[in-house]
Amino acid sequence: MKSLLLKTSFSIFFIGIIYVLLSFSAAFGEKLANSNWREIYSKPTSQWPKPTIDDGVQWQEFEALAIDTSYYNTMENPKVILGQLLFFDPKLSGSNQVSCSSCHDPELAWGDAREVSLGNDHLQGKRNTPSLYNIGARKSFFWDGRAATLEEQAQGPITAHHEMNMEPKNLAKKLRKIKGYPVLFQNAYGDSEITYEKILQSLAVFQKTILSKRSRFDAFMDGDYTQLSDQEIYGLHLFRTKARCMNCHSGKYLTDESFHNIGLTYYKREYEDLGLYTVTKKADDVGKFRTPSLRDVMYTGPWMHNGLFDNITGIVNMYNSGMHMIDPNETEKIADPLFPKTDVLMQPLNLNDDEIVALVSFIKTLSGRQYKMERPQIPR
């Protein structure tokens with residue numbers, strides 16, 4: 001009996017030892033695997049693991065921002081000088097109180113840090129003000145893509161009653177009365193005639209100079225692999241794989257320049273916004289909004305088209321859940337052809353707490369150094 005008990009005790013002891021060793025081995029293996037991400041990603045992007053991309057999705061590999069060596073020369077271009085003055089001049093508004101920079105403040109990452117815009121007569125808009133960082137690289141403008149060029153985009157806020165409330169036919173006439181402007185137009189265009197078209201073009205030329213500064217992530221991609229911590233590199237790997245972020249956020253500016261319904265349409269609720277549908281009138285476009293760039297994302301909150309979200313970890317948690325709103329039953333779908341359909345790219349991610357922390361830590365590396373542009377002396 002004692003012999004049996006002794007053997008049983010030894011068996012339990014050895015089983016315990018084996019369990020501890022296996023647990024240690026698994027933990028060590030996991031740690032080794034995580035630490036190995038540095039070795040894997042300390043290579044050119046062409047040798048990085050392929051991202052998790054759904055069939056049919058067009059994506060581009062990450063690309064570092066180049067060092068802008070021509071910035072100061074560019075800012076001396078007469079069209080840029082004119083466009084910058086126009087951008088900051090409140091006389092472009094009907095009240096002489098609201099400028100483009102009222103909603104696109106260079107000290108607020110070229111946004112306004114509000115949920116939604118605030119303009120003429122203190123009227124609020126219905127959507128969040130997008131940052132102008134890298135605006136020249138966009139393929140469409142506004143959350144619903146209703147403008148195809150920067151010149152077309154500029155007309156929106158200038159003429160909107162709740163923004164700048166300016167009559168286009170009166171704007172050129174108004175600026176002709178300002179002593180300094182004819183000379184500026186002469187320098188920019190070779191003649192002093194002031195037209196609405198030249199005003200829009202100058203604004204577009206200036207906005208194309210608004211570029212993100214390089215971030216730690218850019219330096220990392222260019223070979224300085226000390227720029228990211230082990231946790232941030234693991235977050236980079238998750239961004240590309242398990243978190244599925246690159247299905248929409250890829251390339252130099254981390255956007256696919258496309259439109260998706262991620263489940264925030266608030267259909268028939270207080271915050272309802274039908275998004276792209278308001279432009280195309282196609283039922284499949286209900287609730288779709290353009291994918292924002294993640295460049296300088298930590299400076300451009302609050303986020304989403306309605307500006308309702310001000311915590312980046314909370315946003316990741318929502319994506320982790322799959323972002324699905326309450327699914328309607330078939331009767332509701334049949335009865336309402338406009339009932340929004342959440343994009344099939346939205347799927348539960350099953351990220352654990354440590355993975356969420358790592359992913360957020362990587363996302364933070366996408367924001368570079370902010371710069372503050374001095375406000376120019378406006379012509380009187």
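Student: How far apart are the closest N and O atoms in the salt bridge that Arg 146 forms with Asp 144?

Tutor: Keep in mind that this is a predicted model. Arg 146 counts as partly exposed because its relative accessibility is 40%, while Asp 144 counts as buried because its value is 3%. In the salt bridge between Arg 146 and Asp 144, the closest N and O atoms are apart by 3.0 Å.

Student: And where does the partner of Arg 290 lie, given that the two form a salt bridge?

Tutor: Arg 290 pairs with Glu 257, with 2.8 Å between the closest N and O atoms. Both Arg 290 and Glu 257 are buried. Arg 290 sits in strand β2, so the pair ties together parts that are 33 residues apart in sequence, with Glu 257 lying in the loop between α10 and β1 (259-260).

Student: How many residues apart in sequence are the parts tied together by Asp 105 and Arg 375?

Tutor: The side chains of these two meet in a salt bridge, Asp 105 with Arg 375, at 3.5 Å from N to O. Asp 105 lies in the loop between α4 (100-103) and α5 (150-159) and Arg 375 in the segment after α14 (353-364), so the parts they tie together are apart in sequence by 270 residues.

Student: Is Asp 105 buried or exposed?

Tutor: The cut-off for buried is under 20% relative accessible area. Asp 105 has 16% relative accessibility, so this residue counts as buried.

Student: Which residues does Asp 285 touch, not counting those up to four places away in sequence?

Tutor: Start with its place: Asp 285 is in the loop between α11 (277-280) and β2 (289-290). With a relative accessible area of 9%, Asp 285 is buried. Leaving out residues up to four places away in sequence, Asp 285 touches Leu 274, Leu 276, Tyr 277 and Thr 280.

Student: How many residues of helix α10 are buried?

Tutor: Helix α10 covers residues 230-240 and is mostly covered. Among its buried residues are Glu 232, Tyr 234 and Phe 239. Out of 11 residues in α10, the number buried is 9.

Student: Which residues are closest to the centre of the second largest pocket?

Tutor: This pocket holds about 510 Å³ of space. Of the 22 residues that line the second largest pocket, the closest to its centre are Asp 68, Tyr 71, Leu 211, Lys 213 and Tyr 371.

Definitions and conventions:
Residues are numbered from 1 along each chain as its sequence is written. This is a predicted model: local features need pLDDT of at least 70, side-chain atom pairs count only at pLDDT 80 or more; totals for chains, interfaces and linings use all residues. Side-chain values use heavy atoms; hydrogens and water are left out. Helices (H or I, at least four residues) and strands (E, at least two) are DSSP runs, numbered from the N terminus. Buried means under 20% relative accessible area, exposed over 50%, partly exposed in between (1.4 Å probe, protein chains only). Contact means heavy atoms within 4.5 Å. On a 1 Å grid over the protein atoms alone, a cavity is a set of points where a 1.4 Å probe fits but cannot get out, and a pocket is an open set with protein on both sides within 12 Å along at least five of seven lines; lining residues have an atom within 4 Å of a point. Grid points are joined across faces, edges and corners, and a volume is the space filled by probe spheres set on the points. A salt bridge is a side-chain nitrogen of Lys or Arg within 4 Å of a carboxyl oxygen of Asp or Glu.
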